[in-house]
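Q: I would like to learn how to read a structure of this kind, one feature at a time. Please show it first, and then let me ask.

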Amino acid sequence: MIIYFSGTGNSYSVAEKLAVALNDRAVPLIRLQEEPDAFDLTKETKIGIVFPVYFGDIPQPLEDYLKTAALNPSTYFYGVATCGGSFGVSLYHLREILKSRSCKLSYGRVCYMIANSTATWKKEVSYDYRKLDGEAKVVKETVQAVTDRKVDTSLMKPSLVGKIMASGFVKKLGMKRFAVSVDPDHCVGCGICVRICPAHNITVQNQKAVTGSHCAHCMACVHACPHGGMLVNGHKIKKENQYRHPEVEMKDLFLR
Ligand SMILES: Cc1cc2nc3c(=O)[nH]c(=O)nc-3n(C[C@H](O)[C@H](O)[C@H](O)COP(=O)(O)O)c2cc1C
Ligand code: SF4
Ligand code: SF4
């Protein structure tokens, strides 16, 4: 099984490509959280974990899930962090979480892609899609490594910069800057954000989106809203700055 968390398709793309090549299945994290009885992770011989890096760390919902899920220490675990340029302590932290569950993260890779965070602070963004060229190589090498049950923990070391990025203070600041809210003047209640939110943190009430209290700051809603109804840090991002992995369709990311 490949567990993935994805807001704008980078991690989804990597997870799906791994699943095809390894003849495995990619499952969104929310499905495991909402249908725990439908999946028995302890029976899996190998589990891949594919996720976006947030503030040099792994997404909070993934951490919360792995800390309580029933896992089997004999499973071969591997992780792929997708990010814009700095993976911080994400793989180290993932290894530590699994260690606390008596499991081992045997192999960790980083896939440098396009940062979906740029549009939240920059007015003019021009995405350089060549940044996605390395994805195929990461997938190919990860497939080989998993097939060989390779052990490579070289990217699981905590760097000082990574530690600072993932510290409570920086995260807190970042979360404030990545706070999403609804612009009731533009929201038409179409429900796209409800379907795409990987944390199931949005509902539509009285034909307007309403955000809850467990946002993962993935920016899926902000990048997907066709009406400029979802704001980040109080600002709208331009339509032309909305990002989704070019090989991923909106419906691929729908979870409802
Ligand atoms: C809140 C937030 C924080 C981020 N922090 C980092 C970071 O620390 N380092 C980095 O390289 N990219 C960072 N990014 C960019 C994402 O990790 C990157 O675009 C990722 O591939 C998105 O994956 P997805 O398309 O599957 O959601 C951040 C993005 C968001 C929304
Ligand atoms: S996608 Fe946009 S318009 Fe549709 S419900 Fe969400 S915020 Fe409103
Ligand atoms: S509310 Fe928006 S930013 Fe927060 S988890 Fe859901 S889709 Fe992501």
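Q: Where is the place of Thr120?
A: Elements are named as DSSP runs numbered from the N terminus, with helices (H or I) of at least four residues and strands (E) of at least two. Thr120 sits in the loop between S5 and H5. A word on the source: this is a predicted model, in which local features need pLDDT of at least 70, side-chain atom pairs count only at pLDDT 80 or more, and totals for chains, interfaces and linings use all residues. Residues are numbered from 1 along each chain as its sequence is written, chains are lettered from A and ligands numbered from 1 in the order in which they are written, and side-chain values use heavy atoms, with hydrogens and water left out.

Q: Is Thr120 buried or exposed?
A: Buried means under 20% relative accessible area, exposed over 50%, and partly exposed in between, with a 1.4 Å probe and protein chains only. Thr120 has a relative accessibility of 11%, so it counts as buried.

Q: Which residues does Thr120 touch, leaving out those up to four places away in sequence?
A: A contact means heavy atoms within 4.5 Å. On that basis Thr120 touches Arg177, Phe178, Met219, Val232 and Ile237. Lys236 is 116 residues from Thr120 along the chain, yet their C-alpha atoms are separated by 8.4 Å.

Q: How many helices and strands does the protein have?
A: There are 9 helices and 9 strands. The radius of gyration is 18 Å, close to the 18 Å that the globule rule gives for 256 residues, so the protein is as compact as a globular protein of that length. That radius is taken over C-alpha atoms, and the rule is 2.2 Å times the number of residues to the power 0.38. The C-alpha trace spans about 55 × 40 × 35 Å along its principal axes.

Q: What percentage of the residues is buried?
A: Buried residues make up 53% of the 256 residues. Among contacts between residues at least 6 apart in sequence, 77% join residues at least 24 apart.

Q: How is the protein divided into domains?
A: Domain bounds come from an automatic or database domain assignment. Here domain 1 covers 2-167 and domain 2 covers 172-253. Their C-alpha centres lie 22 Å apart, and 29 residues of domain 1 are in contact with 26 residues of domain 2.

Q: Which residues of helix H3 (residues 60-68) are buried?
A: They are Pro61, Leu62, Glu63, Tyr65 and Leu66. The cover over them includes helix H2 (29-34), strand S3 (46-52) and helix H4 (90-100).

Q: Where is Ser13 found, and what does it touch beyond four places in sequence?
A: Ser13 is in helix H1 (residues 10-22). At 5% relative accessibility, Ser13 counts as buried. Its contacts beyond four places in sequence are Glu135, His245, Glu247 and Val248.

Q: How far apart in space are Cys225 and Cys190, C-alpha to C-alpha?
A: They are 8.9 Å apart in space and 35 residues apart in sequence. Cys225 is in the loop between helix H9 (220-224) and S9, and at 13% relative accessibility Cys225 counts as buried. Leaving aside neighbours within four places in sequence, Cys225 is in contact with Met230 and Gln242.
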